[in-house]
Amino acid sequence: MINEFIELSQDGYGIYDQDDILIFCNSAFAELNYHPKEQLIGRSFEEIVRLNYSNGRGAKIDSKDVNAFLHYAHKMRRSRPFRIFEVDFMDGRWYLFSEQVNESRFLLVQMKEITKQKILQGGLENTLEKLSELALVDELTGCANRRGFVNSVENELKRNRHAGTYSTMALIDLDLFKKVNDEFGHQIGDAALQHVTKLATTQLRQYDIFGRVGGEEFAIFLRNTDQEIAFNIINRIREQIAATPLKINGHTVFLSISVGLVTEDSKASFEQLYTKSDFALYKAKALGRNQVQQY
Ligand SMILES: Nc1nc2c(ncn2[C@@H]2O[C@H](COP(=O)(O)OP(=O)(O)OP(=O)(O)O)[C@@H](O)[C@H]2O)c(=O)[nH]1
């Protein structure tokens, strides 16, 4: 009875003896090895692999070197009483293989097709990756959004808590941005936000953290940077933005930024840095905009 069900099964079943000669297989196993049962039984595992490989069929062999693959497979087969692993085939199908060894070192192989599950899993992984990216990235400018910025800065602060170094946070707000939108329209306003992002990020070092933390508000975190150097970097960004108007659709849009900056030792929290730089930003606005003020 069990033999009848094994023969009917969609899963492939095969038994290799201690010399790795195939002594039994069902029809599904034969079909998965692209030969009738009679042509497979009596052949060794190695012969079957070589046969499929020479016909461009069977398991995808990463190294493109069938000898290296066989060397690896021989090492792994019977290395444990039970093994389970996934195999992708040259025709695009995926199989879950399991190998069971008995006391006489005979090996029972079971092959179950999992192509559908692999496709779903791949789609799900891609979607998850995109979703987590979306959660941290600002769609308009491509830089970190508020959450992405906070995450990165908090990780950095955690890493540097005991380093005894200085870090700087700068809060940037576009000046009179409402007028830009009112005069040129929201679309050009959006382009201005992209323009500012590009100008700022090209001035920054690879490990500086930049993000859009509000509608027309950006923030920069400079680790390991004392006040004077930080001021120079941020002021250069301010000068560059003031000197590089956005030219778009025949318009020239002049932009400037106000910046509040604070430098603290590595024990400061994100909230402390943010509150202090916001305070300095308020000062920069009150004193006439297009300037950097330090806390
Ligand atoms: N185009 C565009 N505009 C935005 C976006 N987010 C916020 N804004 C605009 O930014 C403007 C901010 O205006 P306010 O907060 O009044 O400040 P301001 O005009 O920049 O003036 P000051 O900050 O005082 O220099 C508003 O008009 C918002 O509509 C966005 O994603 N795209």
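**Close-up views of a predicted model**

Leu-174 finds its bridge partner in β11 at Ile-257. This is a predicted model, in which local features need pLDDT of at least 70, side-chain atom pairs count only at pLDDT 80 or more, and totals for chains, interfaces and linings use all residues. Residues are numbered from 1 along each chain as its sequence is written.

**View A. Strand β6 pairs with β11 and with β8.** The names of the elements follow DSSP runs: helices (H or I, at least four residues) and strands (E, at least two) are numbered from the N terminus. β6 covers residues 166-174. With β11 (residues 257-265), β6 pairs in the antiparallel sense over 9 bridges; two strands pair if DSSP finds at least two bridges between them. Tyr-166 stands opposite Asp-265 in β11. β6 also pairs with β8 (residues 217-222), again in the antiparallel sense, over 6 bridges. There, Thr-168 has Leu-222 as its bridge partner. Of the 9 residues of β6, 8 are buried, where buried stands for 20 or more other C-beta atoms within 10 Å of a residue's own, exposed for 12 or fewer, and partly exposed for anything in between, with C-beta atoms placed from the backbone.

**View B. An open sheet is built from 5 strands.** Follow the order β7-β8-β6-β11-β12, with mixed pairing. β7 (209-214) and β12 (292-294) are the edges; each has a single partner strand, so one side of each is left without a neighbour in the sheet. On average, neighbouring strands are turned by 20° against each other, direction ignored. Helix α7 (residues 146-160) lies across β6, β7 and β8 and runs at about 135° to β7. Axes are lines fitted to C-alpha atoms, for helices over the stretch in contact, and angles run from 0 to 180 degrees between N-to-C directions.

**View C. The ligand is surrounded by 15 residues.** Among them, the closest are Phe-177, Lys-178, Gly-189, Gly-215 and Glu-216; a residue is near a molecule if its C-beta atom, placed from the backbone, lies within 6 Å of it. Two or more residues of the shell come from each of β6, α8 (177-184) and α9 (186-203). α9 gives the most, with 4 residues. The shell divides into 4 nonpolar, 4 polar and 7 charged residues. Here Ala, Val, Leu, Ile, Met, Phe, Trp, Tyr, Cys and Pro count as nonpolar, Asp, Glu, Lys and Arg as charged, and the others, Gly among them, as polar.

**View D. Helix α9 meets helix α10 (residues 227-243).** Their axes come within 9 Å and cross at roughly 145°. From α9, the contact uses Val-196, Leu-199, Ala-200 and Gln-203, and from α10 it uses Ile-233, Arg-236, Ile-237, Gln-240 and Ile-241. Two residues are in contact if their C-beta atoms, placed from the backbone, lie within 7 Å. This contact has 6 nonpolar, 2 polar and 1 charged residues.
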